[in-house]
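Work through the exercises below with the sequence and the structure at hand. Try each task before reading its solution.

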Amino acid sequence: MAGEPQDDCLFCKIVAGEIPATVVRETDTTLAFRDITPQAPTHVLVIPKAHHADAATLAAEAPELAADVLRETRAVAEEEKLDSYRTIFNTGSGAGQTVFHAHAHVLGGRGLQWPPG
């Protein structure tokens, strides 16, 4: 069921404290932690604590929670003292999503070229 923890979800296990993560911020509804394979000097993932498979599903099923995730990307960037940064949501395996729990990547600390990929 949407929003419910999934037994086979890596990020649900991180939220539950079953798998360690380097947490940088936490709110009642979100968790932000460092990516274990960073693609930039700053690479933090911001996830909703409730399970939603991807950003599109999160936006449709819980738009206020999607807004919380976006607010936290800004808070992470401010705490990390990033003058500029990129927020990325990969939706679907073809876009590079490997963990099917909605999450935003906050990337910064170096020049980020366009187009990405």
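**Exercise 1. The sheet**

How many bridges join β3 to β5, and do these strands run parallel or antiparallel? Then place the two strands in the sheet.

Solution. The model is a predicted one.
- Step 1: β3 and β5 are joined by 5 bridges and run antiparallel.
- Step 2: One place to look is Thr42, which stands opposite Gly108 in β5.
- Step 3: The whole sheet is open and has 5 strands, in the order β1-β2-β3-β5-β4, with antiparallel pairing.
- Step 4: β1 (23-26) and β4 (85-88) each pair on one side only, so they are the edge strands.
- Step 5: From one strand to the next, the twist averages 20°.
- Step 6: Helix α3 packs on this sheet and touches β1, β2, β3, β4 and β5. The direction of α3 makes about 155° with that of β3.

**Exercise 2. Asp68**

Is Asp68 buried or exposed, and what does its side chain contact?

Solution. 
- Step 1: Asp68 lies in helix α3 (residues 63-79).
- Step 2: Its relative accessibility is 18%, so Asp68 counts as buried.
- Step 3: The side chain of Asp68 makes a polar contact of 2.4 Å with the side chain of Arg71.
- Step 4: Beyond its neighbours within four places in sequence, Asp68 is in contact with Thr29 and Thr30.

**Exercise 3. The nonpolar cores**

Which element gives the largest share of the largest nonpolar core?

Solution. 
- Step 1: This core has 14 residues, and Val69 is one of those that touch the most other members.
- Step 2: β3 (42-48), α3 and β5 (104-108) each give two or more residues to the core.
- Step 3: The largest share, 5 residues, comes from α3.
- Step 4: Another core, of 9 residues, lies apart from this one and includes Cys9, Phe33, Ile47 and Val99.

Definitions and conventions: Residues are numbered from 1 along each chain as its sequence is written. This is a predicted model: local features need pLDDT of at least 70, side-chain atom pairs count only at pLDDT 80 or more; totals for chains, interfaces and linings use all residues. Side-chain values use heavy atoms; hydrogens and water are left out. Helices (H or I, at least four residues) and strands (E, at least two) are DSSP runs, numbered from the N terminus. Buried means under 20% relative accessible area, exposed over 50%, partly exposed in between (1.4 Å probe, protein chains only). A polar contact is a pair of N or O atoms within 3.5 Å; within protein, one must be able to donate a hydrogen and the other to accept it, and residues adjacent in sequence count only if both atoms are side-chain atoms. Contact means heavy atoms within 4.5 Å. A nonpolar core is a set of buried Ala, Val, Leu, Ile, Met, Phe, Trp, Tyr and Cys residues joined through side-chain atoms within 4.5 Å. Axes are lines fitted to C-alpha atoms, for helices over the stretch in contact, and angles run from 0 to 180 degrees between N-to-C directions.
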